[in-house]
Each structure stands twice: as structure tokens, then as C-alpha cells.
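Student: I've got a model open on my screen and I'd like to learn how to read it. Can you walk me through a few features?

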Amino acid sequence: MNKFDRQSSSADIQTLPDDIAEELSRLPSEVISVDDAPSIAPPVSLSQDEVRTIVISLMLTMFLAALDQTIVATALPTIGRQFQDVSNLSWVITAYLLASTAVAPVFGTLSDIYGRRVMIIISLSLFVAGSVLCAIAPNMPMLILARGLQGLGGGGIMPVVQTVISDVVSPRERGQYQAYFSSVWMVGGILGPVIGGVFAEHLHWSMIFWINLPLAAAAIVMLLPKMKKIPVFHRKRKVDWLGGVLLMASAVVFMLVLTWGGTRYPWLSPTVLAMVGGAVALAVSFVWHARRADEPFLPLKLLTGSVAPFALTAGGCGLGAITGLTVQLPLYYESVYHLTASEAGLALIPLAAVSTVGAAVAGRTMARAKHYKRVAIIGTSWAALCGLGLTLTTLPLWGLLTLMAAFALGLGTTFPVCVVSLQNSVARPQVGTITGAMNFFRSLMSSFTVAAFAAILLVALGIDVPLAGEHHAAGAVAIPAEDMRHAFRYVFGAATALMTIAALCLIAMEERPLAGPATAQPVEMAE
């Protein structure tokens, strides 16, 4: 299984085994110091059964966060009718997204300071508490506040789960497990709207929140006993709370700009412009503070160099492209191909499912190939070519779905390569921090892409269009099919540009050797 490695001073490297010394020698000099040495537990060998249990429990934990981002959408009309408040319904989703995006870097950094076990317990506790309060909420304001609390937990789950995997599995093996976690998001994205609709129609909408309790309990029971055997890589240090608050505040304001701009307020309205100015001021304040703090909340050096900026950009472009298309394609399917809302949802399956296949291909390639980033370069370049085909051609539905699946196959290769490359480029006590930053920037990029694609359609069509969760009303828009085809060529063109940027970033990214066995064998998920 995974090699137990430790950050140490340069003088100490000579006393370590050859494979660990080689891994340490590849790290930047600024992260190889005695100060970076974590409070390390003795290395404990994990059996395949223990690794399997940990991975399954982490998948179940991540499934909670994945499911909750989609399960609420189809229940919103029922919730609005019960509380007799339709105008604030969008905040049920927005509150969760704002909270989960803002705290992602916080939980990642705190897991490097206080440990993974503590932070996974806190994030799951916040998520469960928020779920209970959502289920018993007596009115809309309480439901919105409870969703914000639930979002705090959901935003912590993602980076902590990905960091725990980095403690269990070596970098070379780690890419193979990304396919498992990609499949979790695919299943959550597909099942969420279906389960939410069934619960709201046949049981009660509160069941979409009560279902989280047994799932969270099962994850905790499976995970916590095994976490005692996972090597400890965190390092106690002073927490830069001011830096964390500035980072979260700038993220919240920026997300509000993307949420309200072009919908509640015109993009050039004084309100939106003031919010943009506020977001920029908070971001500049965070950078100013981080440059002067002894131990900043998010060290800016982690975001520079020959790996991090390129991996962050490539991963953000990939997730942004698939998120933006997932949100807007149902409208395209309904207007151009006259599908029903449920049929349009099913037509999204090739995009979600085949991207998981791409992630699996890239993960297995990383375990065996020396030049592991080539699969992602080829994949993103292939996705860009497919996107160009979508932009320039008019296809029947089967042709569009086929080309969309080919696009998703190439796009999916970015995720394992970017995640593992980022985690492989920093010292062990900083893996949680860089993972939290990665989730933070990906969420911002997804929100930006959704807003950008909607703005593209608004400009191309000259009218407002329904967004995610509103496609059931698309028939009322009555957009001519030819106009929608023409407008979506710009959307497909934007997705093509994102994949082109991703390919260029992967080409420019340094390909550092991965620690771990030369030919890794993944742990099977079933006997």
C-alpha cells in the first residue's frame, strides 16, 4: 500500500530510505524544513480490507454533500406552497452554495492544523445539525438559515475527504480512486432530483433532509474506528483567523455578485458595481494580510510555482465547463429537440457518466505511466475538438449526445491529474490547505461559468432565460428552435475555449514524479 513519507530537513534526508528521500528531494526547498515537520504518528500498515472500508465510508460521506446539492431543486415548488413564500425560494439553494464555497479553504487549512479526524467530525456534525433544522423549519427564513448551516458542513466534507485519501493512498495510486469519487457525484447528481421529487410528492419534503441522518451515522461508524490507524500529518500552529475571515467574506460577496448579477439586479447597476468593489477590496486586503502574516491562513506561495497555478486553472476550467453545460443544456434539449423536463434530465446522463469514465482512464494511467499528464493533455485537447464540432455543426439528438459523450470523456481526464498533481507538489502538512484552496477556486469557477453561460444566452437571444431548477417552465419562454441553436453555438464555443485553456495549462504544468509503487493495483470495492 502507500509509502509512509515525512517532511524533514535537508540534512535528515540522507538518513531516510531511498524512495522517501527521493520524494523529499523533489519538493520545493521552502517546504522542506524542520518547521514543516508534522506531529507524526508511527506508520501503521493498513490492510486491503481496512483501506476498502475507509474508501467506502469516504464515498458515503461525499455522497451526502453531492446529493444535497441536487435533491432540493425538485422539492422547491412544494416547499414554496407550504410556506406560502415563492419569492425567496432561490435562497434555499443559494444559502447552501454560499456557505459551502466560503468554508472549503477553512476546513482544508484547519485539517492541517487540528487533524482530519476532528474536522470530519465537525463537518459531519454541522451537516447533520443543519439537516435536522431544515426538516423541522417552521418558516422560510428558518429554512434558509438552516441550509446555510448545512452548507458549512457540506463545504467541509469535500476537502477533508480528499485530504484523508491523500493520507491513505500514495500519489501514484491515488488517481485510480478519483473514478470512484467521480461516480459518487454522478450518482448524486442523477438520483438527487428524482429522490427529491418522489419525497415531495408521495411523502413529505422534510424527508429530503431526514435521509441524511442514517447516511451520516453509517459513514461515521465505518470511518472513525479506522482513522485511528491512519498516519498523522497535521502540525499544530497558530490559526490566522483574520485571514480566514477576509477570504470567506470576499468569496461570499463575489458569489452574491454572480448570483444576483443579471437576474435580481442589472450587471451595471450601482448595487452590483458596489458589490464587485467590495469583493475586490476584501480580496486585496486578504493578499496584503497574507504577505505580512507569519503563518498566513492560506500561504500565497502554495498558489505559485510550476504546478499549482496551472493545475488549479485546468481543474477549474474542466469543472466549470461541465457545470455550466449541465445547468443550461436542459433548456436546449427542451427548446430544440422538444423533450420533456424529465427526458431532458435523462439526456444529461452521457455528460455526467462518461466524464467518470474519463477520470477512471486517467487514474489508471497515472498508476502505470511515467508521463502521467499526457493522458489529460490528450483528453482536454480531444474535448476541445469535440466542443468545436458542437459549435460548428447542427446534429440530430443522437449525434449531439454522442459528441457530448466524447467531449465528457476527454474532460473527465483533468480531474485526477489536477488533484493528484496539486497534492503531490506540497509538503504533507499542507495537503489539506491546498486541497481546500482547490475546492474553493473550483466552486468559484463553476459559479462564474454558470453566470457567464447565462449571460451569453441572454445577449444572443435578447431575452432572459430560466436557470437551474427552472427548466420545467421553459415552455413558457417559447424560444424558436433555430434561435436557440444559434445562441447555443456561443455556449459551446465558450466550453471549447475553457477546454483549450485547460490543455494549455496542463502542457505548461511541471510533471513531478509521483511517489508510490511503479505498478499500483487498486483495492477492489467488492469481494
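**Reading a helix pair and its neighbours**

Tutor: Let's start with a crossing: helix 13 passes helix 18 in a left-handed crossing. Left-handed is the word when the near helix is turned anticlockwise from the far one by less than a right angle, and right-handed is for clockwise. Helices here are DSSP runs of H or I with at least four residues, numbered from the N terminus. Before we go on, this is a predicted model, where local features need pLDDT of at least 70 and side-chain atom pairs count only at pLDDT 80 or more, while totals for chains, interfaces and linings use all residues. Residues are numbered from 1 along each chain as its sequence is written, and side-chain values use heavy atoms, with hydrogens and water left out.

Student: At what angle do helix 13 and helix 18 pack, and how far apart are their axes?

Tutor: Axes are lines fitted to C-alpha atoms over the stretch in contact, and angles run from 0 to 180 degrees between N-to-C directions. Helix 13 (residues 308–336) and helix 18 (residues 414–424) pack at about 150 degrees, with axes 9 Å apart.

Student: Which residues make the contact?

Tutor: Contact means heavy atoms within 4.5 Å. Helix 13 brings A308, A311, L312, A314, G315, G318 and L319, and helix 18 brings T414, F415, C418 and L422. They split into 8 nonpolar, 3 polar and no charged residues. For that count, Ala, Val, Leu, Ile, Met, Phe, Trp, Tyr, Cys and Pro are nonpolar, Asp, Glu, Lys and Arg are charged, and the others, Gly among them, are polar.

Student: How many salt bridges does a search of the whole structure find?

Tutor: Side chains of opposite charge can pair when their charged atoms come close. The cut-off is a side-chain nitrogen of Lys or Arg within 4 Å of a carboxyl oxygen of Asp or Glu. The whole structure has 3 salt bridges. In one, D112 pairs with R116, with the closest N and O atoms 2.8 Å apart. Another joins R485 and E482 at 3.5 Å, N to O. E510 and R512 form a salt bridge too, at 3.3 Å between the closest N and O atoms.

Student: Where do R485 and E482 sit relative to each other?

Tutor: Both are in helix 20 (residues 481–508), and because they're 3 residues apart, about one helical turn separates them.

Student: What does I377 touch, leaving out residues up to four places away in sequence?

Tutor: I377 touches L506 and I507. I377 is in helix 16 (residues 374–392) and is buried at 18%. Its C-alpha lies 8.9 Å from that of C505, although I377 and C505 are 128 residues apart in sequence.

How values were computed:
Helices (H or I, at least four residues) and strands (E, at least two) are DSSP runs, numbered from the N terminus. Buried means under 20% relative accessible area, exposed over 50%, partly exposed in between (1.4 Å probe, protein chains only).
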